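Visitor: I am new to this structure and would like a short tour. Could you show it to me and take my questions one by one?

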Amino acid sequence: MSENIIEVRNLTYTYSQNNQPTLKNLNLDIIKESWTSILGHNGSGKSTLVRLLTGLKEPDSNSQAQIKINGIAASEEKWFDIRNDLGIVFQNPDNQFVGATVEDDIAFGLENRNIDPDEIEKRIKEVLDFVNMSEFRKMEPSKLSGGQKQRVAIAGILAIRPKVIILDEATSMLDPQGRNQIHQVIQEIKAKYQVTVISVTHDIEEATKADDICVLSDGQLVKQGTPKEVLIDENWLTEMGLMLPFAKQLAVELRQHAIDVPRDILDESELVEYFWKLNSKM
Amino acid sequence: MDRFLLGQYIYGNSYVHRLDPRAKLLGTFAFIILIFLANNFWTYGVIVLFTLFAAYMTKISAKIYWQGLRPMLWLMIFTVTLQILFTSGGDIYLKWGIITISQYGIINSIFILVRLSTIIFMSTILTITTPPMLIADAFASLLKPLKKVKFPVDQFSMICSIALRFVPTLMETATKIMNAQRARGASFNDGNIIKRIKSIIPMLIPLLINSMKIAIDLAESMTARNYQLGEPRTQFRRLRWHKTDLYVLYYFAILTLLLIVLRRF
């Protein structure tokens, strides 16, 4: 059994203008150093969950909610400690840029942690190299593309050497190319640093790349497991208001033409592999 | 508009460009005060020469300075006219009702013209050779002593730098809103001035709502990145005082001396 980095128990949150809670007694475990995708349709409570997991919102006071991150039980005075090892990339790349230039923005999180300017200089260089943005170091954010802005945001978070990185719909405002770049960066991060990546998304293609998927619906966790376990049932996915990954859409169509594609095929390369075998049998 | 709001920084590598922004900021202030020592043709002459010398040191063409001065031209003409028409004393050249054109009037108006144009010239030198963010840094750095009287200098400089950072973002939003309204038939360039101002109002409201949204997002992002009010934080961008920055002091000492000596003539 692997260790959990985040443990959430009985999490309930109600927006003041609503009667119904957005999150209802949610229980969730996230495995240390995994890439976990939190999947759900619009209004399933994903973004609320992110804000609760980062202390930007407090759970309902009358609930028995418990959040434990990296061994620290969350409470109002502990959030700054918890966030020391936590980084979040938000949805809108424009509104999360604090610095006037790329390097200033990366320095922001480090300045907040009172890190020595010489060390800041070193880390800026390191993380900009990592996300391949070194040549843009002195640029203003408004001159960058969406994908570049998100890469800088990720760099700013890597610079603080986090244990957990949360991507809150970080690719939803990007074009396909920008989205792929971000996915690639996540994979590289996973390979180089010992971090847990949580990507909150409604992009099912992104979720297929994760180690673990949590599906939220109506403020509750309805399913958790590997992509192969969670994404196997097409009808259930549609019921949850989720799109099918392209390979699965194709598989559904093919089955109607009497080609029985296995249900655990999630991406194009697996599908192609299957076609090769199919041909050689015939 | 973009240029107007963001200052007119022009990239360069002259002595003036490389100066510590604090030296330039203080210099500009000192200059504005020193101007009041000038009281005759000699001293105003020195002021003009000093300004031209400073402008020459920036290695930036006169054309650009002219662009900086031009928007202020009407203000200058207005002030000069008032001076000519309403100052009396000395020989009177023309008298018509309450309007007199006198010797003192003309001399005074020339002095005022020199004062105004050199002040604008000097501040243009500051903004042309210093990126706005560095001016804000310099300002914050010079305010530091106020910490002793509990003035929140760090917060103040954070506010300034965020404001500067969001100017282009807000300009972009404004352009988007204008385009969206143009696409639905609004026009921003037709009609008289009142009509034009009225057409801006439907643009201001979405812009305001948008900025609120940005502010909320930004606040969340800053909190998520552990920004804490009043907590000690390091400063990545450091201003460094160099030996060459001290020369500014010498230049100003010479200027002051000349002014004090020449004002007796």
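Visitor: Which element of chain A supplies at least two residues of the lining of the largest pocket?

Guide: This is a predicted model, where local features need pLDDT of at least 70 and side-chain atom pairs count only at pLDDT 80 or more, while totals for chains, interfaces and linings use all residues. Residues are numbered from 1 along each chain as its sequence is written, chains are lettered from A and ligands numbered from 1 in the order in which they are written, and side-chain values use heavy atoms, with hydrogens and water left out. Helices here are DSSP runs (H or I, at least four residues; strands are E, at least two), numbered from the N terminus. Chain B brings α1 (2–6), α2 (15–18), α3 (21–34), α8 (132–143) and α9 to that lining, and chain A brings α3 (102–112).

Visitor: What volume does the largest pocket have?

Guide: A pocket is an open set of points on a 1 Å grid over the protein atoms alone, where a 1.4 Å probe fits, with protein on both sides within 12 Å along at least five of seven lines; lining residues have an atom within 4 Å of a point. Grid points are joined across faces, edges and corners, and the volume is the space filled by probe spheres set on them. For the largest pocket this comes to about 1500 Å³.

Visitor: Which residues of the lining are the closest to the centre of that pocket?

Guide: The lining counts 41 residues. They divide into 16 nonpolar (Ala, Val, Leu, Ile, Met, Phe, Trp, Tyr, Cys and Pro), 16 charged (Asp, Glu, Lys and Arg) and 9 polar (the others, Gly among them). Closest to the centre are B:Tyr9, B:Pro131, B:Met133, B:Leu134 and B:Arg237.

Visitor: How many residues does chain A give to the contact with chain B?

Guide: Contact means heavy atoms within 4.5 Å. Chain B takes part with 26 residues, and chain A with 39 residues.

Visitor: What area is buried between the two chains?

Guide: Buried area is the accessible area (1.4 Å probe) that two parts lose on being put together, summed over both. Carbon and sulfur atoms give 51% of it here. The total between chain B and chain A is about 2900 Å².
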